[in-house]
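Good morning. I have one structure to show today, and I will go through how its parts sit against each other. Please have a look at it first.

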Amino acid sequence: MFDSIDLYLVFDLFLLLLIGMGPKIALVPFLEATQGMEAETQRKVANTMVRTAVGTALVLVVRGWLLMRLLHFTPGTANVAGGSILLLISLGMLVRPAKKHDPDAEVGHHDPQKLAIYPLAVPYLLNPAGIAALVIISDDIDSLLFAAIVIGIVLLVGLMDFAVFRNMDKLSKHLEPSRLVITEVVFGVLLTALAVQLMVDGLAELGIVAAAAN
(Lines give C-alpha, C1' and ligand atoms only; values in the text may rest on other atoms or scores of the structure.)
Protein backbone atom coordinates (compact mmCIF):
# COMPACT_ATOMS: atom_id res chain seq x y z
CA MET A 1 0.00 0.00 0.00
CA PHE A 2 2.80 2.41 0.94
CA ASP A 3 5.70 1.74 -1.42
CA SER A 4 7.59 4.91 -0.59
CA ILE A 5 7.46 7.66 2.00
CA ASP A 6 7.17 11.23 0.75
CA LEU A 7 5.45 14.47 1.69
CA TYR A 8 2.32 13.54 -0.24
CA LEU A 9 2.02 10.28 1.68
CA VAL A 10 2.53 12.07 5.01
CA PHE A 11 -0.11 14.66 4.07
CA ASP A 12 -2.54 11.92 2.99
CA LEU A 13 -2.01 10.10 6.29
CA PHE A 14 -2.56 13.34 8.19
CA LEU A 15 -5.86 14.00 6.38
CA LEU A 16 -6.95 10.39 6.88
CA LEU A 17 -6.28 10.50 10.61
CA LEU A 18 -7.76 13.99 10.91
CA ILE A 19 -11.01 12.48 9.62
CA GLY A 20 -10.53 9.35 11.71
CA MET A 21 -9.75 11.01 15.05
CA GLY A 22 -10.18 14.75 14.52
CA PRO A 23 -12.56 16.92 16.56
CA LYS A 24 -15.46 17.43 14.13
CA ILE A 25 -17.52 14.27 14.67
CA ALA A 26 -17.10 14.49 18.47
CA LEU A 27 -17.81 18.23 18.68
CA VAL A 28 -21.61 18.24 18.98
CA PRO A 29 -21.80 15.05 21.13
CA PHE A 30 -19.20 16.60 23.46
CA LEU A 31 -21.19 19.83 23.79
CA GLU A 32 -24.38 17.86 24.45
CA ALA A 33 -22.74 15.54 26.98
CA THR A 34 -21.04 18.35 28.93
CA GLN A 35 -23.90 20.85 28.79
CA GLY A 36 -24.37 22.42 32.21
CA MET A 37 -21.06 21.12 33.59
CA GLU A 38 -18.60 23.42 35.29
CA ALA A 39 -15.61 24.46 33.18
CA GLU A 40 -13.19 22.38 35.26
CA THR A 41 -15.34 19.24 34.96
CA GLN A 42 -15.64 19.83 31.22
CA ARG A 43 -11.85 20.05 30.94
CA LYS A 44 -11.44 16.79 32.88
CA VAL A 45 -13.85 15.08 30.49
CA ALA A 46 -11.87 16.49 27.55
CA ASN A 47 -8.58 15.26 29.04
CA THR A 48 -9.90 11.74 29.57
CA MET A 49 -11.56 11.65 26.15
CA VAL A 50 -8.45 12.72 24.22
CA ARG A 51 -6.06 10.53 26.25
CA THR A 52 -8.29 7.50 25.73
CA ALA A 53 -8.65 8.10 21.99
CA VAL A 54 -4.92 8.71 21.46
CA GLY A 55 -3.94 5.75 23.66
CA THR A 56 -6.28 3.45 21.74
CA ALA A 57 -4.96 4.78 18.43
CA LEU A 58 -1.35 4.08 19.47
CA VAL A 59 -2.26 0.54 20.52
CA LEU A 60 -3.83 -0.01 17.09
CA VAL A 61 -0.70 1.31 15.38
CA VAL A 62 1.50 -1.10 17.32
CA ARG A 63 -0.82 -4.12 17.53
CA GLY A 64 -3.32 -3.69 14.71
CA TRP A 65 -1.50 -6.17 12.47
CA LEU A 66 -1.59 -8.74 15.30
CA LEU A 67 -5.33 -8.26 15.80
CA MET A 68 -5.89 -8.87 12.09
CA ARG A 69 -4.11 -12.20 12.31
CA LEU A 70 -5.61 -13.30 15.62
CA LEU A 71 -9.16 -12.50 14.51
CA HIS A 72 -8.57 -13.64 10.92
CA PHE A 73 -9.87 -10.57 9.11
CA THR A 74 -8.41 -8.69 6.15
CA PRO A 75 -8.03 -4.99 5.28
CA GLY A 76 -11.08 -5.39 3.06
CA THR A 77 -13.30 -6.61 5.87
CA ALA A 78 -11.91 -3.89 8.17
CA ASN A 79 -12.96 -1.27 5.62
CA VAL A 80 -16.44 -2.78 5.24
CA ALA A 81 -16.93 -2.96 9.01
CA GLY A 82 -15.58 0.55 9.61
CA GLY A 83 -17.65 1.98 6.77
CA SER A 84 -20.83 0.31 8.04
CA ILE A 85 -20.48 1.71 11.55
CA LEU A 86 -19.42 5.12 10.23
CA LEU A 87 -22.54 5.12 8.07
CA LEU A 88 -24.73 4.68 11.15
CA ILE A 89 -22.92 7.54 12.92
CA SER A 90 -23.14 9.86 9.90
CA LEU A 91 -26.85 9.13 9.45
CA GLY A 92 -27.28 9.96 13.13
CA MET A 93 -25.64 13.32 12.47
CA LEU A 94 -28.21 13.99 9.75
CA VAL A 95 -31.25 13.21 11.89
CA ARG A 96 -30.02 14.50 15.26
CA PRO A 97 -30.78 18.18 14.54
CA ALA A 98 -34.44 17.24 13.99
CA LYS A 99 -34.74 15.56 17.38
CA LYS A 100 -36.44 17.46 20.15
CA HIS A 101 -34.37 18.25 23.20
CA ASP A 102 -35.34 16.06 26.15
CA PRO A 103 -33.83 17.24 29.45
CA ASP A 104 -34.69 13.92 31.13
CA ALA A 105 -32.64 12.06 28.52
CA GLU A 106 -29.69 14.43 28.80
CA VAL A 107 -26.49 12.45 28.34
CA GLY A 108 -24.63 14.70 30.73
CA HIS A 109 -26.55 13.33 33.73
CA HIS A 110 -24.41 10.17 33.62
CA ASP A 111 -20.90 9.74 35.06
CA PRO A 112 -18.76 12.30 33.14
CA GLN A 113 -15.63 10.13 33.16
CA LYS A 114 -17.49 7.11 31.80
CA LEU A 115 -18.97 9.31 29.08
CA ALA A 116 -15.47 10.55 28.25
CA ILE A 117 -14.39 6.98 27.47
CA TYR A 118 -17.60 5.83 25.78
CA PRO A 119 -19.09 7.13 23.59
CA LEU A 120 -17.00 10.34 23.38
CA ALA A 121 -13.48 8.88 23.00
CA VAL A 122 -14.69 5.87 21.01
CA PRO A 123 -16.53 5.89 18.63
CA TYR A 124 -16.91 9.68 18.28
CA LEU A 125 -13.36 11.05 18.61
CA LEU A 126 -11.58 7.91 17.40
CA ASN A 127 -14.28 6.93 14.93
CA PRO A 128 -14.70 3.72 12.87
CA ALA A 129 -12.93 5.23 9.85
CA GLY A 130 -9.91 5.97 12.04
CA ILE A 131 -9.94 2.53 13.63
CA ALA A 132 -10.08 0.78 10.25
CA ALA A 133 -7.35 3.05 8.85
CA LEU A 134 -5.01 2.50 11.81
CA VAL A 135 -5.41 -1.28 11.70
CA ILE A 136 -4.67 -1.35 7.97
CA ILE A 137 -1.75 1.09 8.32
CA SER A 138 -0.32 -1.06 11.13
CA ASP A 139 -0.23 -4.03 8.75
CA ASP A 140 1.70 -1.93 6.20
CA ILE A 141 4.38 -0.61 8.56
CA ASP A 142 7.69 -2.01 7.36
CA SER A 143 10.24 0.33 8.91
CA LEU A 144 10.95 2.27 12.09
CA LEU A 145 10.79 5.50 10.08
CA PHE A 146 7.28 4.79 8.83
CA ALA A 147 6.18 3.74 12.34
CA ALA A 148 7.60 6.97 13.77
CA ILE A 149 5.79 9.05 11.13
CA VAL A 150 2.44 7.38 11.85
CA ILE A 151 2.87 7.75 15.62
CA GLY A 152 3.90 11.39 15.14
CA ILE A 153 0.77 12.11 13.11
CA VAL A 154 -1.43 10.42 15.73
CA LEU A 155 0.15 12.58 18.45
CA LEU A 156 -0.19 15.72 16.32
CA VAL A 157 -3.91 15.11 15.75
CA GLY A 158 -4.24 14.33 19.45
CA LEU A 159 -2.67 17.70 20.31
CA MET A 160 -5.16 19.41 18.01
CA ASP A 161 -8.02 17.57 19.72
CA PHE A 162 -6.64 18.54 23.11
CA ALA A 163 -6.38 22.22 22.11
CA VAL A 164 -9.99 22.26 20.88
CA PHE A 165 -11.76 20.33 23.64
CA ARG A 166 -9.64 21.60 26.54
CA ASN A 167 -10.80 25.12 25.68
CA MET A 168 -14.37 24.24 24.72
CA ASP A 169 -15.79 26.39 27.54
CA LYS A 170 -14.29 29.43 25.77
CA LEU A 171 -14.98 28.29 22.22
CA SER A 172 -18.62 27.35 22.89
CA LYS A 173 -19.41 31.02 23.55
CA HIS A 174 -18.63 31.73 19.89
CA LEU A 175 -20.42 28.69 18.45
CA GLU A 176 -23.86 29.67 17.23
CA PRO A 177 -26.29 26.70 17.58
CA SER A 178 -27.89 27.23 14.15
CA ARG A 179 -24.48 27.17 12.44
CA LEU A 180 -23.51 24.04 14.36
CA VAL A 181 -26.63 22.30 13.10
CA ILE A 182 -25.91 23.28 9.50
CA THR A 183 -22.27 22.20 9.66
CA GLU A 184 -23.24 18.93 11.31
CA VAL A 185 -25.72 18.14 8.54
CA VAL A 186 -23.20 19.04 5.82
CA PHE A 187 -20.46 17.03 7.48
CA GLY A 188 -22.91 14.16 7.97
CA VAL A 189 -23.48 14.03 4.22
CA LEU A 190 -19.73 14.05 3.55
CA LEU A 191 -19.13 11.32 6.11
CA THR A 192 -21.92 9.25 4.58
CA ALA A 193 -20.10 9.45 1.26
CA LEU A 194 -16.84 8.47 3.01
CA ALA A 195 -18.59 5.54 4.70
CA VAL A 196 -19.95 4.29 1.38
CA GLN A 197 -16.51 4.66 -0.21
CA LEU A 198 -14.92 2.66 2.61
CA MET A 199 -17.42 -0.14 2.07
CA VAL A 200 -16.94 -0.07 -1.71
CA ASP A 201 -13.14 -0.19 -1.29
CA GLY A 202 -13.47 -3.07 1.14
CA LEU A 203 -15.80 -5.01 -1.13
CA ALA A 204 -13.43 -4.39 -4.05
CA GLU A 205 -10.48 -5.72 -2.03
CA LEU A 206 -12.53 -8.79 -1.20
CA GLY A 207 -13.33 -9.28 -4.88
CA ILE A 208 -17.07 -8.96 -4.31
CA VAL A 209 -17.44 -5.91 -6.53
CA ALA A 210 -15.28 -4.53 -9.32
CA ALA A 211 -12.64 -2.11 -8.13
CA ALA A 212 -13.77 1.50 -8.45
CA ALA A 213 -11.86 3.57 -10.99
CA ASN A 214 -9.61 6.25 -9.52
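This is a predicted model: local features need pLDDT of at least 70, side-chain atom pairs count only at pLDDT 80 or more; totals for chains, interfaces and linings use all residues.

Residues are numbered from 1 along each chain as its sequence is written, and side-chain values use heavy atoms, with hydrogens and water left out.

What is the protein chain built from? It has nine helices and zero strands. Helices here are DSSP runs of H or I with at least four residues, strands are runs of E with at least two, and both are numbered from the N terminus. Read from that end, the order of elements is α-α-α-α-α-α-α-α-α.

Next, the cover. The protein chain has 214 residues, and 40% of them count as buried. Buried means under 20% relative accessible area, exposed means over 50%, and partly exposed is in between, with a 1.4 Å probe and protein chains only. The accessible surface of the protein chain is about 11,700 Å², and carbon and sulfur atoms hold 67% of that. Those areas come from the Shrake-Rupley method with a 1.4 Å probe, and for residues only the protein chains shown count as cover.

Now contacts, meaning heavy atoms within 4.5 Å. Taking the contacts in the protein chain with a separation of 6 or more, 88% are between residues 24 or more positions apart.

On to the helix pairs. Axes are lines fitted to C-alpha atoms, for helices over the stretch in contact, and angles run from 0 to 180 degrees between N-to-C directions. Angles under 35 degrees count as roughly parallel, over 145 as roughly antiparallel, 65 to 115 as roughly perpendicular, and the rest as oblique. For handedness, a crossing is left-handed if the near helix is turned anticlockwise from the far one by less than a right angle, and right-handed if clockwise.

At what angle do helix H3 and helix H5 pack? H3, residues 39–71, and H5, residues 112–125, pack at about 45 degrees, and their axes are 8 Å apart. H3 is therefore oblique to H5. Their crossing is right-handed. On the H3 side the contact includes Thr41, Lys44, Val45, Thr48 and Ala53, and on the H5 side Gln113, Ala116, Ile117, Ala121 and Leu125 are among the residues involved. The residues of this contact divide into ten nonpolar, four polar and one charged. In that count Ala, Val, Leu, Ile, Met, Phe, Trp, Tyr, Cys and Pro are nonpolar, Asp, Glu, Lys and Arg are charged, and the others, Gly among them, are polar.

Thr48 lies in helix H3 and counts as buried, because its relative accessibility is 12%. Leaving out residues up to four places away in sequence, Thr48 touches Gln113, Ala116 and Ile117. Ala53 is also placed in helix H3, and Ala53 is buried at a relative accessible area of 0%. With the neighbours up to four places away again not counted, Ala53 touches Ala121, Leu125 and Leu126.

From H4 the contact includes Pro75, Ala78, Gly82 and Ile89, and from H6 it includes Pro128, Ala132 and Ile136. Nine of the contact residues are nonpolar, two are polar and none is charged.

H6 also packs with helix H1, residues 7–21, at an angle of about 140 degrees, with the axes 7 Å apart. So H1 is oblique to H6. The crossing of H1 and H6 is left-handed. Leu13, Leu16, Leu17 and Gly20 of H1 make the contact with Ala129, Gly130, Ala133, Leu134 and Ile137 of H6.

Last, helix H2, residues 24–33, is mostly covered, with eight of its ten residues buried. Among them are Ile25, Leu27, Phe30 and Ala33.
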